[in-house]
Amino acid sequence: MTRKKSTATRRAESQAAAARASEIRKAQERQERRRRTLVVTAVGVAVLAIVLVLGYLVQSSRDTTGRAATVPAGAVGGYAVPAGPASAPVTVVVYEDFMCPYCGQFEAATRSTLQKKVDAGKVRLEYHVLNFLDRSSTTDYSTRSANALAVVLDTSGPTVAKKFHDLLYEHQPQEGSAGLSDAQLVDYAVQAGAPRAAVQTGVKNRTYEQWVKNVTDQASKDGVNGTPTVKIDGRTVAYQTLPELAAKVEKAVG
Amino acid sequence: MNDVQLFGVGVGLLARVLVGTVWVVAGVLKLPAPEDNVRVVRAYHLLPEGIVPVVGHGLPVLEILVGLCLLLGLLTRVAAVLSALLLLAFAIGVGSAWARGLSIECGCFGGGAGPAANAQAKYPWEIARDLGLLLLSAWLVGRPRTPWATDNRLLPVLAATETETRAS
């Protein structure tokens with residue numbers, strides 16, 4: 001047994017020590033890299049979360065849906081433009097957008113039948129006029145026309161409003177166009193029997209714009225995802241094609 | 001760099017650019033009409049009414065953020081996980097609308113809530129698109145390191161990917 005280590009042993013020991021030190025250093029570096037990744041990721045995620053919340057708040061504040069609105073006099077249930085007596089045996093609720101071409105086709109196909117039934121007191125019509133196709137015209141025609149209908153209902157009552165509604169569908173503008181101008185809307189209102197001065201202000205100021213938004217929102221809450229949607233005595237009429245819808249409606253009002 | 005590595009880098013870059021662009025476009029198109037998004041979300045009849053507006057208002061912003069992160073290569077792995085989860089949720093949403101026989105617009109790129117002509121015929125394509133983007137996102141979850149990424153300046157290279165990146 002000798003206390004003196006051989007040169008070879010000493011070299012081996014110092015190599016082993018160096019290797020251990022290098023291992024520890026590498027482990028520390030790994031840990032440091034991992035820590036840095038975590039910190040950078042956490043900070044990044046926190047910043048993104050703040051931006052997300054800010055963006056959400058901006059979007060939320062831009063959506064005025066559901067805010068208190070002036071309801072036009074004569075609107076039934078707060079949201080609908082009526083035609084015909086409330087006591088009629090059949091109630092037909094129609095969800096439309098003045099810009100929607102299928103609604104125009106539906107109106108053209110069922111107008112005369114429904115009008116006869118309404119005049120005979122057999123059918124009560126309730127129109128929910130929506131604005132969700134605003135981006136299908138260059139001038140928010142859906143909102144402007146629905147607002148105009150509310151103005152006419154408020155100033156001149158449901159009979160004139162129904163006439164105005166029919167006139168707008170008879171002169172329905174092309175999808176994607178500018179739609180009828182405010183002046184044209186006023187002219188048709190006058191043609192339907194509304195006083196020009198009263199209608200002019202309401203059309204220009206979009207008095208019922210918020211109401212139209214709320215009507216649209218309520219329709220969505222009632223499960224209406226497209227137009228035309230027709231509910232007869234509370235039941236939605238299922239259809240694939242427009243002639244099918246028209247036929248089913250005409251049959252139901254019999 | 002050998003062919004396999006080159007392929008990996010190509011797929012990673014493609015995934016970032018393609019998925020990132022789709023998210024940014026989808027989000028930006030939805031920004032102008034917050035009320036439309038709320039109605040689109042509601043039309044799926046999957047979420048309780050209480051959180052429908054929150055999702056409708058927040059989702060476009062989240063989409064843009066995820067898209068920008070992918071394009072910039074910033075927090076790529078986090079963004080890719082979010083991207084994959086969102087796409088999975090969308091595919092499930094569209095699939096369930098299809099299964100329930102709903103005729104609704106996807107609303108994936110704004111608009112929507114309109115009359116959904118041929119909705120039933122569009123559903124399979126929408127799901128296929130979502131799944132394709134989901135695969136690309138999943139690739140980035142597994143291999144978030146790509147060239148021309150902000151991550152390369154911010155995040156240290158982890159041991160596991162060290163050799164790989166050095167080789168590239």
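Which residues of β3(A) are buried on one side, and which on the other? In this predicted model, Val123(A), Leu125(A), Tyr127(A) and Val129(A) sit on one face of the strand, while Arg124(A), Glu126(A), His128(A) and Leu130(A) sit on the other, and all of them are buried. Buried here means that 20 or more other C-beta atoms lie within 10 Å of the residue's own, with C-beta atoms placed from the backbone. Strands, like helices, are DSSP runs numbered from the N terminus (E, at least two residues, for strands; H or I, at least four, for helices). Since eight of the eight residues of β3(A), residues 123-130, are buried, the strand is largely enclosed by the rest of the structure. In a regular strand, side chains alternate between the two faces of the sheet.

A word on conventions: residues are numbered from 1 along each chain as its sequence is written, and chains are lettered from A and ligands numbered from 1 in the order in which they are written. As the model is predicted, local features need pLDDT of at least 70 and side-chain atom pairs count only at pLDDT 80 or more, but totals for chains, interfaces and linings use all residues.

Strand β1 (residues 81-83) of chain A pairs with β3(A) in the antiparallel sense over three bridges; strands count as paired if DSSP finds at least two bridges between them. Strand β2 (residues 90-97) of chain A runs parallel to β3(A), joined by eight bridges. Glu126(A) turns up in both pairings: Pro82(A) stands opposite Glu126(A), and Val93(A) has Glu126(A) as its bridge partner.

Elsewhere in chain A, Ala189(A) lies in helix α5 (residues 182-192). Ala189(A) is buried, with 29 other C-beta atoms within 10 Å. Beyond four places in sequence, its contacts (C-beta atoms, placed from the backbone, within 7 Å) are Ala148(A), Val152(A), Phe164(A), Ala194(A) and Val199(A). The C-alpha atoms of Ala189(A) and Val199(A) are 7.4 Å apart.

As for the two chains together, 28 residues of chain B are in contact with 28 residues of chain A. On chain B's side, α2 (34-43) and α3 (52-72) each supply at least two residues, and the largest share, seven residues, comes from α2(B).

The predictor gives the complex an ipTM of 0.89 and a pTM of 0.86. Chain B has a mean pLDDT (the predictor's confidence in each residue, from 0 to 100) of 89. Confidence in chain B is highest in α3(B), at 97, and lowest in helix α7 (residues 159-167), at a mean of 45. Where pLDDT is low, the predicted coordinates should not be read in detail.

Note on methods. Buried ≥ 20, exposed ≤ 12 C-beta atoms within 10 Å, placed from the backbone.
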